[in-house]
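Take a look at the sequence and the fold below. Keep both in view while you read this short briefing.

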Amino acid sequence: MKYSKEVENMCSVKCGASHGCAPIPEEGKWVYSREIKDICGLTHGIGWCAPQQGACKLTLNIKEGIIEEALIETLGCSGMTHSAAMASEALVGKTLLEALNTDLVCDAINTAMRELFLQIVYGRSQSAFSEGGLPIGAGLEDLGKGTRSQVGTCYSTKLKGPRYLELAEGYVMKLGLDENDEIIGYEYVNMGLFMDAIKKGENPMEALEKAKGIYGRYQEAVKYIDPREE
């Protein structure tokens, strides 16, 4: 290690106040994190690209510094979906530091990785106070039985008002309106259940009916409209 002549000519003064690092909460324990292998926890974070054309929600389950599980959910950009496919292969098995310095193809996913790094190394994980942490597979549980992301897609204009297109329950088929033309409920299709039935060989129309559901005061509506048609 090289020192400048100015530093070499300085007299030595002892650093008296050295208390070490502060502990962070990890999986029900207080941990003095000094190396990457000291990091454990499950956490979520959101990332976005520079032009803000799309966003990524990233979920990582980290054990002893290694990413054991990754869930990558993207929105708003077609190219980002393919980047997510590549990131799903590139992230698992890497240390947290390796992942931070891995090109995850999409800026939104890279930004999400940065945000997760900040959370996890400061002890702000979802499993910070869960004894033993969360098992591998906890990230997948976020998707529910239909293994689909929780998506909300709604469109609205001042002239014609709102259109609910897809909500947490699923793909919206019809909107129910009251006498004031206000939305009071909707009919939806759970796409995960629908596709599972199709894969099992069920008749498509029967599968569709089984996967349908209603929300709100849909049955009390005086008018029903398809949100994707006139």
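The points below cover a sheet, the helices packed on it, one further helix and some salt bridges. Keep in mind that this is a predicted model. Three features stand out for reading. An open sheet is built from 3 strands.

- β3 (41-48) and β5 (66-75) are the edge strands, each pairing on one side only.
- Neighbouring strands are turned by 15° against each other on average, direction ignored.
- β3 pairs with β4 (residues 55-63) over 8 bridges, in the antiparallel sense.
- Within this pairing, T43 stands opposite L60 in β4.
- In general, the strands of a sheet pair through backbone hydrogen bonds.

**Helices on the sheet**
- Helix α2 (residues 78-91) packs on the sheet and touches β4 and β5.
- The direction of α2 makes about 175° with that of β5.
- Helix α4 (residues 107-121) also packs on the sheet, where it touches β3, β4 and β5.
- The direction of α4 makes about 140° with that of β3.

**Helix α7**
- Which residues of helix α7 (residues 204-211) are buried? They are A207, L208 and A211.
- At the start of α7, a side-chain oxygen of N203 comes to within 2.9 Å of the backbone nitrogen of M205.

**Salt bridges**
- E8 and K5 form one of them, at 3.5 Å from N to O.
- E8 and K5 are 3 residues apart in helix α1 (residues 5-8), which means about one helical turn separates them.
- E8 is partly exposed, with a relative accessible area of 47%, while K5 is exposed at 53%.
- The side chains of E27 and K63 meet in another salt bridge (2.9 Å, N to O).
- E27 lies in the loop between β1 (24-26) and β2 (29-31) and K63 in strand β4, so this pair ties together parts 36 residues apart in sequence.
- Are E27 and K63 buried or exposed? Both E27 and K63 are buried.
- D38 forms a salt bridge with K37, with the closest N and O atoms 3.9 Å apart.
- K37 is exposed, with a relative accessible area of 51%.

How values were computed. Residues are numbered from 1 along each chain as its sequence is written. This is a predicted model: local features need pLDDT of at least 70, side-chain atom pairs count only at pLDDT 80 or more; totals for chains, interfaces and linings use all residues. Side-chain values use heavy atoms; hydrogens and water are left out. Two strands pair if DSSP finds at least two bridges between them. Helices (H or I, at least four residues) and strands (E, at least two) are DSSP runs, numbered from the N terminus. Axes are lines fitted to C-alpha atoms, for helices over the stretch in contact, and angles run from 0 to 180 degrees between N-to-C directions. Contact means heavy atoms within 4.5 Å. Buried means under 20% relative accessible area, exposed over 50%, partly exposed in between (1.4 Å probe, protein chains only). A polar contact is a pair of N or O atoms within 3.5 Å; within protein, one must be able to donate a hydrogen and the other to accept it, and residues adjacent in sequence count only if both atoms are side-chain atoms. A salt bridge is a side-chain nitrogen of Lys or Arg within 4 Å of a carboxyl oxygen of Asp or Glu.
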